[in-house]
Structure formats: C-alpha cells, structure tokens
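Me: Hey, I've just opened this one and I'm new to it. Can you walk me through what's in there?

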Amino acid sequence: MKQPDLKANERELVKLIRFFSKRAQKLMDQGALSPEHTQLTTACQNLETQLISHATNRSAILDKRERLQQIIEDNAQCPKCGKADMLKRTGSTRNERGWNCNTYKCRRCNITFTWNRPNNPWDMVHFLEAYIAELEQSVLTEQNEELKAHTEAAIVQLNDSLARLRPVLGTSDEELTALNQKEKEMDRLIHQFKTYLQIEKIKLDAYQEPEEEV
C-alpha cells in the first residue's frame with residue numbers, strides 16, 4: 001500500500017516515534033525498563049496510525065478538489081484569428097468580476113489575451129448565474145417565438161447543470177474547511193507529543209550503560 005504524503009513535522013514525529021519505540025522495546029527486553037512503558041509505546045503506535053490516517057484523508061480530499069478544478073474545459077480561441085491550434089497557456093489572472101481566468105498567447109498572431117471564461121467550477125457557478133440572468137432578461141423582450149423557446153430550453157439546461165454542480169462544490173468546501181480545522185489540531189498535537197517524546201528520550205538515554213573506558 002502506498003504511503004501517504006506526510007508534511008515535514010509529521011515525518012519528523014514518525015521518525016522520532018519509531019526510534020523511541022525501538023529503543024524502549026530493547027530496554028524492556030533487557031529488563032532495564034518496567035512493562036509500564038508499554039503504555040507509552042502503545043500511545044506512540046496509536047499516534048503514528050492516526051497520523052497516517054489523517055495524511056491519507058488529506059490526500060484524498062485534496063486530490064478530489066484538484067480533479068474538480070480540472071473539470072472546466074476552456075475551449076479558448078484567439079480573438080484575432082479565431083483558432084485554438086497555436087495557443088499556449090501562459091498563466092491565469094482575476095478579471096474585473098473576480099473570476100480566475102486563463103491567459104494565453106497565440107503564436108500565430110503573436111498576441112496575449114485573457115479568455116473570458118472562468119478556469120474553475122467555483123467561479124463558473126457565478127458565471128453561469130450571471131449568464132442565466134442575462135438570458136432570462138432577453139426572453140422577456142424576445143419577439144421571435146422560435147428563438148425564445150430555444151433560449152428557455154437553454155435556461156432549463158443551465159439551471160440543471162447548476163443544480164448538480166452546487167452540492168458537489170459545497171461538499172468539497174465543507175471537507176476542506178473540516179480538513180483545515182483538523183490540520184490545526186494535528187499540528188498542535190504533533191508539537192506537544194514531539195516535546196514530550198524528546199523528554200522521554202533523554203530519560204531512556206539515562207538507562208543506557210556507559211561504555212567502559214579502554
């Protein structure tokens with residue numbers, strides 16, 4: 001099974017836990033420590049399991065969020081030549097509405113531009129809401145019945161897309177908020193337990209027999 005990605009402080013604590021557990025077990029086997037120390041080594045093992053579980057959950061949440069980020073396809077076209085085959089994405093920027101949009105360079109026309117569509121589903125929700133509002137206004141004044149019916153059908157489809165997208169994004173946001181809170185709790189626990197183990201490690205060092213001088 002693949003090990004989850006651990007943060008630096010998590011890796012440091014896991015390393016300390018394994019070193020401490022191995023040293024304590026060796027001294028208990030030698031009879032230098034009382035079996036009461038098994039409670040501490042068990043606590044160490046439980047914390048390591050908790051760290052691995054938390055890191056696994058964090059990776060799953062962030063991976064899912066990354067996949068959500070990528071569901072939006074730009075289908076960008078150069079505003080000058082109207083083609084997409086020579087476009088190179090150069091980055092992203094926030095437009096006047098606060099939406100994050102991709103920027104491109106057309107190597108055919110040698111121009112750079114910002115595509116007028118959000119590059120992520122969170123901003124796309126706001127884009128669709130604004131677009132639906134514009135379509136609803138156009139329906140009120142549209143005289144052509146065929147075009148009016150076509151616009152009304154488009155509004156229904158867009159609202160359906162929004163209805164399916166919103167709860168997915170809402171769940172992802174809730175998971176991220178809970179994860180950030182858990183991260184703070186784990187960082188605090190890691191700091192406290194690391195300090196405690198460092199003190200206990202010093203105590204274990206005191207049990208070691210000093211080497212005889214030659």
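Me: Let's start with Phe127. Is Phe127 buried or exposed?
Reply: Bear in mind that this is a predicted model. Phe127 has a relative accessibility of 14%, so Phe127 counts as buried.

Me: And what cut-off makes that buried?
Reply: Buried means under 20% relative accessible area.

Me: OK. How many aromatic pairs are there in the structure?
Reply: There are 4 aromatic pairs. Take Trp99 and Phe127: the ring centres are 5.6 Å apart and the planes sit at 80 degrees, so that pair is edge-to-face.

Me: Where do Trp99 and Phe127 lie?
Reply: Trp99 is in the loop between strand E1 (87-94) and strand E2 (100-106), while Phe127 is in helix H3 (residues 121-141). The pair therefore ties together parts that are 28 residues apart in sequence. Trp99 is buried, as is Phe127.

Me: What about the rings of Phe127 and Tyr131, stacked or edge-to-face?
Reply: Stacked, because their planes are at 20 degrees, with the ring centres 6.3 Å apart. Phe127 and Tyr131 are 4 residues apart in helix H3, so about one helical turn separates them.

Me: How exposed is Tyr131?
Reply: Tyr131 counts as partly exposed, because its relative accessibility is 36%. Ring pairs join Trp99, Phe127 and Tyr131 into a cluster.

Me: Tell me about H3 itself. How many residues does H3 have, and how far does H3 reach?
Reply: H3 has 21 residues and spans 30 Å from its first C-alpha to its last, which is close to the 30 Å expected at 1.5 Å a residue. Its buried residues include Trp122, Met124, Val125, Leu128, Ile132 and Val139.

Me: Which residue caps the N-terminal end of H3?
Reply: That's Asn120. One of its side-chain oxygens lies 3.2 Å from the backbone nitrogen of Trp122.

Me: Switching topic: how many residues are in the largest nonpolar core?
Reply: That core has 20 residues, and the ones with the most contacts inside it are Leu13, Phe20, Leu51 and Leu197. Helix H1 (8-29), helix H2 (37-69) and helix H4 (145-207) each put in at least two residues. H1 gives the most, with 8 residues.

Me: Which residues is Leu13 in contact with?
Reply: Leaving aside its neighbours within four places in sequence, Leu13 contacts Leu47, Leu51, Ile190, Phe193, Lys194 and Leu197. Apart from this core there's another one, of 17 residues, with Leu128, Ile132, Leu135 and Leu169 among them.

Me: What about Gln157, where does Gln157 lie?
Reply: Gln157 lies in helix H4. Gln157 counts as exposed because its relative accessible area is 57%. As for Ser138, Gln157 and Ser138 are 19 residues apart in sequence and 16 Å apart in space, going from C-alpha to C-alpha.

Me: Last topic, cysteines. How many disulfides are found in the whole structure?
Reply: The search finds 0 disulfides. Cys101 is in none, and the nearest cysteine sulfur, that of Cys78, is 17 Å away. A pair of cysteine sulfur atoms has to be within 2.5 Å to count as a disulfide.

Me: And is Cys101 buried or exposed?
Reply: Cys101 is buried, because its relative accessible area is 0%. Cys44 also counts as buried, with 0% relative accessibility.

Methods:
Residues are numbered from 1 along each chain as its sequence is written. This is a predicted model: local features need pLDDT of at least 70, side-chain atom pairs count only at pLDDT 80 or more; totals for chains, interfaces and linings use all residues. Side-chain values use heavy atoms; hydrogens and water are left out. Rings of Phe, Tyr and Trp (its six-membered ring) pair if their centres lie within 6.5 Å; planes under 30 degrees apart count as stacked, over 60 as edge-to-face and the rest as tilted. Buried means under 20% relative accessible area, exposed over 50%, partly exposed in between (1.4 Å probe, protein chains only). A nonpolar core is a set of buried Ala, Val, Leu, Ile, Met, Phe, Trp, Tyr and Cys residues joined through side-chain atoms within 4.5 Å. Contact means heavy atoms within 4.5 Å. The expected span of a helix is 1.5 Å times one less than its number of residues. A polar contact is a pair of N or O atoms within 3.5 Å; within protein, one must be able to donate a hydrogen and the other to accept it, and residues adjacent in sequence count only if both atoms are side-chain atoms.
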